[in-house]
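Subject: Handing over the structure

Dear colleague,

I am passing this structure on to you, together with some notes on what was found in it. Please look at the sequence and the coordinates first, and then read on.

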Amino acid sequence: MRRIEGTSGVRLIECVNPVRDKWRIRWDVQENEDGTATYMEAEFLHRPTADEIRQTIVGWYNQQTEEAILSGFEYEGNMVWLSSENQFNYKAAHDLAVQTGGATLPVTFKLGTDEHPVYKKFNTLGELTEFYRQAMLYIQGVLAVGWEKKDALDLSLYET
């Protein structure tokens with residue numbers, strides 16, 4: 001899979017070499033005002049089935065969603081790495097603070113990047129809850145966008 005720069009109106013499925021039975025599928029077509037476009041493209045050494053097309057495109061959407069969750073969230077201008085482990089740690093710290101009425105506070109999390117770390121101390125339950133709420137809303141929003149893209153996949157556009 002790779003992102004290609006080409007022209008608007010590109011065919012979503014095309015046999016590019018009939019002798020070798022080489023096919024390409026395209027999706028995520030982003031058209032520009034100047035008549036050019038960028039799109040994702042995958043190549044097959046046979047005519048891909050509808051299931052192969054769906055798996056390829058849905059897999060790419062899943063990867064984009066995972067990457068956006070992992071490194072797309074910012075809190076107070078700082079990047080927050082939302083790995084599964086960090087999500088668990090944020091939830092555990094928040095849940096424990098709620099259960100103890102804030103007795104486990106303050107808690108400090110490393111935000112930013114390895115090159116530019118920012119250590120954020122949450123002193124109150126309200127501060128920690130707001131951070132956790134924003135992180136969860138961000139994840140839910142990214143997931144909703146990913147689901148919408150996958151639900152909008154129209155395999156009939158790949159029939160020739």
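The notes below go from the overall layout to the strands, the cores and the salt bridges.

Please keep in mind that this is a predicted model, in which local features need pLDDT of at least 70 and side-chain atom pairs count only at pLDDT 80 or more, while totals for chains, interfaces and linings use all residues. Residues are numbered from 1 along each chain as its sequence is written, and side-chain values use heavy atoms, with hydrogens and water left out.

Overall layout

The protein has three helices and eight strands, where helices (H or I, at least four residues) and strands (E, at least two) are DSSP runs numbered from the N terminus. Read from the N terminus on, the order of the elements is β-β-β-β-α-β-β-α-β-β-α. The radius of gyration of the protein is 22 Å, whereas a compact globule of 160 residues would have one near 15 Å; this quantity is taken over C-alpha atoms, and the globule rule is 2.2 Å times the number of residues to the power 0.38. Along the principal axes, the C-alpha atoms fill a box of roughly 70 × 30 × 25 Å.

Of the 160 residues, 33% are buried, with buried meaning under 20% relative accessible area, exposed over 50%, and partly exposed in between (1.4 Å probe, protein chains only). The protein exposes about 9900 Å², of which carbon and sulfur atoms supply 51%; accessible areas come from the Shrake-Rupley method with a 1.4 Å probe, and for residues only the protein chains shown count as cover. Among contacts with a separation of 6 or more, 50% are between residues 24 or more positions apart, a contact being heavy atoms within 4.5 Å.

A hairpin

Strand β2 (residues 13-17) and strand β3 (residues 22-31) run antiparallel and are joined by four bridges; two strands pair if DSSP finds at least two bridges between them. Cys15 has Trp23 in β3 as its bridge partner. The two strands form a hairpin with four residues between them, and Asp21 in the turn has a positive phi of about 55°.

The nonpolar cores

The largest nonpolar core has 19 residues, and those with the most contacts inside it are Val80, Leu82, Tyr90, Phe109, Leu128 and Phe131. Such a core is a set of buried Ala, Val, Leu, Ile, Met, Phe, Trp, Tyr and Cys residues joined through side-chain atoms within 4.5 Å. The elements that give two or more residues to this core are β5 (73-75), α2, β7 (107-112) and α3 (125-151), and α3 gives the most, with six residues. Leaving aside neighbours within four places in sequence, Leu82 is in contact with residues including Ile69, Phe73, Tyr90, Ala135 and Ile139. Apart from this core lies another, of 12 residues, among them Met40, Ala42, Phe44 and Ile53.

Glu74 lies in strand β5 and is exposed, with a relative accessible area of 52%. When neighbours within four places in sequence are left aside, Glu74 is in contact with Met79 and Val80. Glu74 and Tyr132 are 58 residues apart in sequence and 12 Å apart in space, C-alpha to C-alpha.

The salt bridges

Side chains of opposite charge can pair when their charged atoms come close. The structure holds 12 salt bridges, each being a side-chain nitrogen of Lys or Arg within 4 Å of a carboxyl oxygen of Asp or Glu.

Asp51 forms one of them with Arg54, the closest N and O atoms being 2.9 Å apart. These two residues are separated by about one helical turn, because they are three residues apart in helix α1 (residues 50-71). Asp51 counts as partly exposed at 36% relative accessibility, and Arg54 counts as partly exposed at 36%.

In helix α2 (residues 84-99), Asp95 and Lys91 lie four residues apart, about one turn of the helix, and their side chains meet in a salt bridge of 2.6 Å, N to O. Asp95 is partly exposed at 26%, and Lys91 is partly exposed at 38%.

A salt bridge also joins Lys110 to Asp114, with the closest N and O atoms 2.8 Å apart. Here Lys110 is partly exposed, with a relative accessible area of 40%, whereas Asp114 is exposed, at 63%. Finally, Arg2, Glu14, Lys22, Arg24, Arg26, Glu41 and Glu43 are linked in a network of salt bridges.

With best wishes
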